[in-house]
Structures are given as C-alpha cells and as structure tokens.
Number of protein chains: 2
Amino acid sequence: MKPIKVGLLGIGTVGSGTFNVLKRNQEEITRRAGRSIEIAMVADLNIERARELTNGEVEVVNDANLVVNNPDIDIVIELIGGYGIAKDLVLKAIANGKHVVTANKALLATHGNEIFKAAQEKGVMVAFEAAVAGGIPIIKALREGLTANRIQWIAGIINGTTNFILSEMRDKGLDFNTVLKQAQALGYAEADPTFDIEGVDAAHKATIMASIAYGIPMQFDKAYVEGITKLEASDIRYAEDLGYRIKLLGITKRTPEGIELRVHPTLIPEKRLIANVEGAMNAVLVQGDAVGATLYYGKGAGAEPTASAVIADLVDITRLATADPEHRVPHLAFQPAAISDLPILPMSEIVTSYYLRMHVEDKPGVLADVTRILADLSISIDAMLQKEPGEGETRTDIIILTHQTKEKNIIAAIEKIEALATVTGSVIKLRLEELS
Amino acid sequence: MKPIKVGLLGIGTVGSGTFNVLKRNQEEITRRAGRSIEIAMVADLNIERARELTNGEVEVVNDANLVVNNPDIDIVIELIGGYGIAKDLVLKAIANGKHVVTANKALLATHGNEIFKAAQEKGVMVAFEAAVAGGIPIIKALREGLTANRIQWIAGIINGTTNFILSEMRDKGLDFNTVLKQAQALGYAEADPTFDIEGVDAAHKATIMASIAYGIPMQFDKAYVEGITKLEASDIRYAEDLGYRIKLLGITKRTPEGIELRVHPTLIPEKRLIANVEGAMNAVLVQGDAVGATLYYGKGAGAEPTASAVIADLVDITRLATADPEHRVPHLAFQPAAISDLPILPMSEIVTSYYLRMHVEDKPGVLADVTRILADLSISIDAMLQKEPGEGETRTDIIILTHQTKEKNIIAAIEKIEALATVTGSVIKLRLEELS
C-alpha cells in the first residue's frame, strides 16, 4: 500500500522526537498501522537545524505554507505552538482537506471550537492526544475507554514544571523562588515560566479534558486559574502535619448547576496514589459513575513521550484510511499477516532478582558457605538480613536479596545451599523486580 | 439511524451491570456512539432471574443459539465464561457474521488464536477490553495509545482476589489460609478460588497482554504460573523490613532471546506507585521505549466496572458501523450536533473544602471568635492546628481545615476574620480535595 505522507510544522523538541521514534520503530509502527508512515516534508524557520535533525533524509523548507498546500501530504502535524500563525496554518490545512495532529493545548483551549467546526464541515480529523499529559493516552481514555460513563469529576497533575517545583519545595523545605531558579537551571522550567507557574498551561489542558468529558464547547476564558507563585514553605509543612500533600491540580466537576473548571494549589490526602506523583511526572484521576476511579500516570512532557502521543494519533488516522471498518484495529495490534514468532522463553532462562530465606545453624562459617555458593554461580548479593536466634534457639533465619541472574542459576544455587549440613529444610525463593 | 442490536449470552454479574449502565447512561452513550445501542435478546439458563434483572424489557430465552442465529442481532456479548460452550457460541456468532464482545480471558488465552483467525477470515471484530483489568482501558492503551512504542515490559496486578488477600496479610499479619476464609466471607474470593489464588486467572490476562504488546500468538500453555498459596506471613514482614511489598504480578518482558511470560509473587520496592495498590484494585505498569513508564489503575472487577469495558467495546464497534471514517470518533466525544450547554460555574459557586492559615494574638477568645464566624456561615471544621507562640512572641499561627462549602461562603468568612482585631494580616486560603 502507498505510504501515508505526513508534513511536520516545526522540528523542535517534539518534532525531532517524532522523527526519531518513527524511524527507530518504523517496522513495528508499519505493521500496526497497516501501511508505512513517512515524513515527506518539514517546515522550520531554522533550515540548517532541521536538516541536521533529519539527517538530510527529508525535504526541508522554511515556508510552512509549502507543507499545508502540498497535495501529496495527507496529515499535517502542527508543533509550532501558540495561537498566532499556528492557528492560520491549522485552518489552512483543514481547508485543503488534510487531517491535523497537534500538541498545541493553548491553541485548542482558545480556538478549538472554531477549529473543530471547520474540520467537521470539511470532513477531516483533528487529533490532539499530545496536547494533554504528554505520552499518557488520556484523551483516548476519556473519549473511548470510558465512554460508558457519566464522568463525575477529573483531577489532574498536568504540568510537570510546577509538580517538580512542589516536590522540591517539600523534599528540601525551600521557598518557591529558590526552587524555581533551580528548576530553570535543570531545564524543568523555561526562561519565561509564566504559563507554567501561573497555572495557565494546566488550565489549557483542563479546559480540553472538560470539553471531552462533558461534551461542552471549549471555554478557557471561564476557567479559574491560580498558580503556585504564592505558596509558602510553611503551608507545605502544615499540610503534611495534617496528613496532606499540596499539588497544582486541574479540576473539572459535573454538578446539577453546571461544570466546575478550575486550576489551583490543592491539599490532597497523602494516602491517595495521586498525592505520591513526584517530579515532572503527570497523573490524571477520573471518576466515572460505572467504573469508579481510574488513574493514568506517566511522563507529561519530553521529546519522545510527546512523540509517542503524536504517533498514536498518526496511526489512528492511518488505520482509518487503510483498513476496512471491520479491521480498523487489528486484534493483536499487528496486522495478522505480520505476527511475530519470538519464542516464549522457558522459565529457566528468565532473568530477575531474588529473595531467599533459609534456616541455618547459628555458627561461624555458615554465611561464608552460602555466599561462596552464590559467588561461584556469579550471583551478586544486594542486601542481607540475619535475625538473632530466639531464646534457647541455635538456628536462625538468613534473608538474602540477590542481584539479577538467570532462574537456572538460582535453582542450582538453592540445590547446593539446601545440601549444606548447616541448612535446615528448604530455601524459600521469591522473585524481585525493581520496576524502574 | 437504526439502533445497533445486541444479544447478551449470560446475564450474571457483568450482564446485569451492562444492562443497567446501558439504560442509565443511554442518552450520553447514544450521543457518543452516533446511534442507540439496544439489548435485543438475552439468553440465560435461568429465565426467571433474567426477566427480573431486565424488568421484562427485553426478550429472554434459555437457548443461546437463538441469539447467535438471530439475523437482527449485530453484536453478540459473550459473558458465560469458561471455554466449553462459550467457545462454540463465539465461533458460531462469528460464522454468522456477527461481531463479538467478550470478557472471557480463559477462552481467549487458550483458544484466542483460533477465534481471531475465524474473525479475520469472516471480516468481523472480536473485542475484549473487559477480559483484562476490568474497567481500566488497558487493552486500548496497549493496542492504540502506546502504538508508537516497542514495549519493553509489562507488570500488572491483575487479580483483585489475590491482591486483597495480600493486602490483608500485610495489614493484619495473618497467614494465607486465615485471610482466604475472610475473603470468601466478604465475597472477594469464590467458593472455589483456585483460578485466582493459583495465579491462573492472572496468567490468562498476562498471556493476552503479551500477545497485544508483542504481536505473538496466545501461548498460555507456555506461561509460568505460580500463585500465592505458599506465601508465609514472615516473608511479607521480612520483605517490608527490607523496603519491599509483595504482590502477585503478571509479567511479560521482551529480551533478545525471546519473551518472558510469568506470574508469581514478587517483591517490589515500596516507593513504586504500583506497590501501593491495595485491596481489590488492579494496576498495570507498562514500559515503552518512547514514552517510558505509564501506569493504569482502577477497579479490576465488579458488575459496573466490567460493564464499562464491555460498553466501550460496543461503542467502538458501533462507531465503525455508523460514522464515515473521518468522523469515526467525534472530536469532543459527542456527536457535534449534540454538544451540551451546561454552563461553566463562576468560581463563587464551586464547592470544596478549605485550608485556612491565620496569624492571631495568643489570647483567650480568639478561637471562639473565628469558629463563631465560620459557624454563622454554616462552615464546619474538620481539623485544627494551633502552634505555640515562639519565645517572646505573642502571636501564633492557627490552621483550620473546613468541611465542604461554597467558595463565596469562605470568602465572606475570611473577610470577617481578617476584620477581627486579634487577627494580623491576611488569611491564607488553599483548597482541599479528598478525591475519594
């Protein structure tokens, strides 16, 4: 099948991330989409940098109109940002019958109604997974996964800059201005951080989520927006004394009178999972009347996380253009002809870390014997616990945490350990995963 | 447009949940799907109970063949379970050109290859969001939301019975058999809990996720399956001493040699979000090469959570039959003609709880004045902190947490409090959400 041709407007962080991921995972993405997805043209004011980032593999222009007017291009990805020229280009792409993928939350929150109306009249799609919570597929969850529910409320940590600052304020007991400077030095906050720290970015995203959840037009101008600039270290401390963490939340709630739409620092009970989302991570908690609470967590920003969302939209649009309706999304996420034959590994070959508990004579040399057995099989020890024997007891528990090794090595080690005269009974073995 | 007609095979817990949610949220679901979805026929061995559960509103039969052979039915929902008659009925529905929605993880894990092959040859869809992690849209996330990624590994708490038992064992320091009996009494474990406690149910689900993630055929027979029956309370305690929690995880990993597919009790660091998933909740952690780690959390079982997933599949299939490809999923999740006009509430009308910090003279009567002001505005106090004044200080901080009230009430209260002679400066106000 003919490849789907894509035009990129802007090749900054997200644009180059999109180019790199499309290239690196080309084979898998093609199998999943049913046809290949090619970046046919890139427009950027900085042509030299654009050529560098694309290794000269793509036609690069500095006039974005060449992309939106290009008859060979099926989908335009808008990554310029802001609501000036980006708006004109998006509307032009739509008028030319092209689908649009965008990460531009500011544009959608302020001009989304006009853009979606134009797209609907023209019969093209505008997709925006990348506009809210980076790589977390929250738009898809709200729009499709939770479609059976009346959404009661949504509360999200949807700005990584402010969540990073709040985590640092709490961890280190510092005030806002000090941490902001640190964040800027580390690249977690922009030189002009206004949109982030004043809550505007979060409000753009909350506006979009509210519209999806409640089927209302985008009304960013009606959102209440309060950032973190006035937060004092003492309030973070007092909140913790009372069992709460402070997060900048984007909140939308359905009530009989209407929809709440607000962004502001919020105390939340520390036992909630979402209260423990730290650093630049994002998380969105959704309460639906059928499913109850669901939480979606992951990286809210960054080149490749955001590219992951952009490409998910590209594949969605491509699948529609490609497959007949019954096969829109292949059952196993790959086109059936392309099922992989990677073997399932036998258990002896898997690699993980282990927890071992053994019951031993409390004698000198026991530990040396056990550690020698592990060392001979190249199994490293990460941690160890040795309990004192109880009153009148001569035996005790030893607990060992090993580093990663193959299951067959642990099985061999356990056999040898159980054969020691000083070891009674079986060695208890549990597997351990760091999940990092 | 003509309604989509659905046939239900089995109206137990999930079937009645599906019926109830489809009815309760009929208007919203119809707007999102583009046409109404009607349960046209229900087959169940217990006709009386089926009539009761459906209020006599639906044709009820006790022969499932009447459903799968009914020419008016577009989609068959298989909720019988197991891989005996359920398999025959699913294959027959497919042969009759009907789409299938199922929650049957056992059937798919063991006969999925045959079923998907038949569906592909016939050109119908088989959807199974409800088969893994209940209402959490994890299948959609793996298949669509994360489609740009090479999935590196997946680790899931995907059996609520065993997670409930492990939470209780840890909370109360009890052994497995004691907690199992409690779980059965509370309805968290079946009379015959084998599939759950031996890890078989989790292995069915892990098998399905591995197939979606890696594009491999279902190979349940190759999965390593170890449940929680041999876990001792002492291991849970030692793990905690070392900074770990023990969870029954379904794990699949991609390695150069092949795919790991295993279910077993696993120590995980207590600082991971997934280590703090308690009770009957589920959570799936996915590591993708572009997006990094994403986590999906929610109810893994229950009538309405599972129905939420079933109906998401129904709406997906319906949208395909209805809309032209460019409008498959309306931008704002409702058909554009049906955008709601619920107003965005002004901030004065929102309802939430509050944290108030005020600086006061350390004198008798100050607290009485403040609490009187709040009481007069019907604002209840949930908690209070009063710090001792510092050395030589006559003033101190008082922190109050209020119960829910309207923003305008708090603003009025603060105005009065700030007017008290004994209160210095402004009252700091932060909003508080319990998120329960």
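This is a predicted model: local features need pLDDT of at least 70, side-chain atom pairs count only at pLDDT 80 or more; totals for chains, interfaces and linings use all residues.
In general, the strands of a sheet pair through backbone hydrogen bonds, and the pairing may be either parallel or antiparallel.

A further pairing between the chains involves β10(A) and strand β17 (residues 423-432) of chain B, which run parallel and are joined by two bridges. Here Thr266(A) is found opposite Arg431(B) in β17(B). Strand β17(B) also pairs within chain B: its partner there is strand β13 (residues 351-361) of chain B, and the two run in the antiparallel sense over seven bridges. In that pairing, Ser353(B) stands opposite Leu432(B) of β17(B).

The interface as a whole was then examined. In chain A, 134 residues are in contact with 133 residues of chain B. The area buried between chain A and chain B is about 11900 Å², and carbon and sulfur atoms give 60% of this area. Between chain A and chain B, 20 salt bridges are counted. One of the salt bridges joins Lys387(B) to Asp241(A), with the closest N and O atoms 3.6 Å apart. Side chains of opposite charge can pair in this way when their charged atoms come close. Across the interface of chain A and chain B, 56 residue pairs are in polar contact, with both residues of each pair at pLDDT 80 or more. On the side of chain A that touches chain B, the element that gives the most is strand β10 (residues 258-269) of chain A, with eleven residues. Sorted by class, that side of chain A has 76 nonpolar, 27 polar and 31 charged residues.

In chain A, six strands form an open sheet in which the order is β3-β2-β1-β4-β5-β6 and the pairing is parallel. Strands β3 (59-61) and β6 (126-127) of chain A stand at the edges of this sheet; each has a single partner strand, so one side of each is left without a neighbour in the sheet. The partner of β3(A) is strand β2 (residues 37-43) of chain A, and these two strands pair in the parallel sense over three bridges. Met41(A) stands opposite Glu59(A) in β3(A).

In chain B, six strands form an open sheet in the order β3-β2-β1-β4-β5-β6, again with parallel pairing. The edge strands of this sheet are β3 (59-61) and β6 (126-127) of chain B, each of which pairs on one side only. Strand β4 (residues 75-78) of chain B and strand β5 (residues 99-102) of chain B pair in the parallel sense over four bridges. In this pairing, Ile75(B) is placed opposite His99(B) in β5(B).

At the level of domains, chain A is divided into domain 1 (4-135 + 303-338), domain 2 (138-299) and domain 3 (351-432). The centres of domain 2 and domain 3 of chain A, taken over C-alpha atoms, are separated by 46 Å.

A search of the whole structure finds 69 salt bridges over all chains. Among them is a salt bridge in which the side chains of Lys87(A) and Glu114(A) meet, at 3.1 Å from N to O. This pair links distant parts of the chain: Lys87(A) belongs to helix α5 (residues 85-95) of chain A and Glu114(A) to helix α6 (residues 105-122) of chain A, and the two residues are 27 residues apart.

Finally, positive phi values were found in residues other than glycine. For Asn55(B), phi is near 50 degrees, and this residue lies in the loop between α3 (47-53) and β3 of chain B. For Ser378(B), phi is near 60 degrees; its place is in the loop between α14 (366-376) and β14 (381-386) of chain B.

Key
Residues are numbered from 1 along each chain as its sequence is written. Chains are lettered from A and ligands numbered from 1 in the order in which they are written. Side-chain values use heavy atoms; hydrogens and water are left out. Two strands pair if DSSP finds at least two bridges between them. Domain bounds come from an automatic or database domain assignment. Contact means heavy atoms within 4.5 Å. Buried area is the accessible area (1.4 Å probe) that two parts lose on being put together, summed over both. A salt bridge is a side-chain nitrogen of Lys or Arg within 4 Å of a carboxyl oxygen of Asp or Glu. A polar contact is a pair of N or O atoms within 3.5 Å; within protein, one must be able to donate a hydrogen and the other to accept it, and residues adjacent in sequence count only if both atoms are side-chain atoms. Ala, Val, Leu, Ile, Met, Phe, Trp, Tyr, Cys and Pro count as nonpolar, Asp, Glu, Lys and Arg as charged, and the others, Gly among them, as polar.
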